[in-house]
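Keep the coordinates open while reading.

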Amino acid sequence: MNKKEDHDQPQSLIQQDALKRLEKVEEEKRQPYKKKKEPINFRSVFMTLLLILVVGMMLIGYFIR
């Protein structure tokens, strides 16, 4: 076999798989960034409500005097 015959042969399975994965990666990079929605963190909601309650009690105590 000479070099010309080597180029005429179809690509190996490894090369085909690598090219497919490379195409997928490039396609993902072209897509705009989309922020994933995170589920509601109940601890954060609870702490926010607790903070509002404490600040509200402080303001009520300040104005009642």
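A salt bridge here is a side-chain nitrogen of Lys or Arg within 4 Å of a carboxyl oxygen of Asp or Glu. By this rule the count comes to 1 salt bridge. The model is a predicted one.

**Fold and exposure**

The chain holds 3 helices and 0 strands. Read from the N terminus, its elements run α-α-α. How much of the chain is buried? Buried residues make up 0% of the 65 residues. The chain exposes about 7,500 Å². Carbon and sulfur atoms supply 63% of that area.

Side chains of opposite charge can pair when their charged atoms come close. Which residues form the salt bridge? Asp 17 pairs with Arg 21, and their closest N and O atoms are 3.3 Å apart. That distance falls within the 4 Å cut-off, so the pair counts as a salt bridge. Both Asp 17 and Arg 21 lie in helix H2. They sit 4 residues apart, about one turn of the helix. Asp 17 has a relative accessible area of 40%, so Asp 17 is classed as partly exposed.

A negative surface patch is also present, formed by Glu 23, Glu 26, Glu 27 and Glu 28. Glu 28 belongs to helix H2, which covers residues 13-30. The relative accessibility of Glu 28 is 56%, so Glu 28 counts as exposed.

A nonpolar surface patch of about 730 Å² is made by Phe 46, Met 47, Leu 50, Leu 53, Val 54, Met 57 and Met 58. One of these, Leu 50, lies in helix H3, residues 42-64. Is Leu 50 exposed, partly exposed or buried? At 37% relative accessibility, Leu 50 counts as partly exposed.

**Aromatic rings**

How many aromatic pairs does a search of the whole structure find? The search finds 1 aromatic pair. Its members are Tyr 62 and Phe 63, with ring centres 5.3 Å apart. Their planes meet at 75°, so the pair is edge-to-face. Edge-to-face calls for planes over 60 degrees apart. Tyr 62 is exposed, with a relative accessible area of 62%. Phe 63 is exposed as well, at 65% relative accessibility.

**Accessibility by residue**

| Residue | Relative accessibility | Class |
|---|---|---|
| Asp 17 | 40% | partly exposed |
| Glu 28 | 56% | exposed |
| Leu 50 | 37% | partly exposed |
| Tyr 62 | 62% | exposed |
| Phe 63 | 65% | exposed |

Note on methods
Residues numbered from 1 in each chain as written. Predicted model: local features only at pLDDT ≥ 70, side-chain atom pairs only at ≥ 80, totals over all residues. Heavy atoms only, no water. Patch = residues over 30% accessible without salt bridge, like charges linked within 9 Å, V, L, I, M, F, W, Y side chains within 5 Å. Areas by Shrake-Rupley, 256 points an atom, 1.4 Å probe, with all protein chains shown as cover. Lys, Arg positive; Asp, Glu negative; His and termini not counted. Charge placed at Lys NZ, Arg CZ, Asp CG, Glu CD. Helix = DSSP H or I, 4+ residues; strand = E, 2+ residues; numbered from the N terminus. Buried < 20%, exposed > 50% of the residue type's maximum accessible area, 1.4 Å probe, protein only. Phe/Tyr/Trp six-rings, centres within 6.5 Å; stacked < 30°, edge-to-face > 60°.
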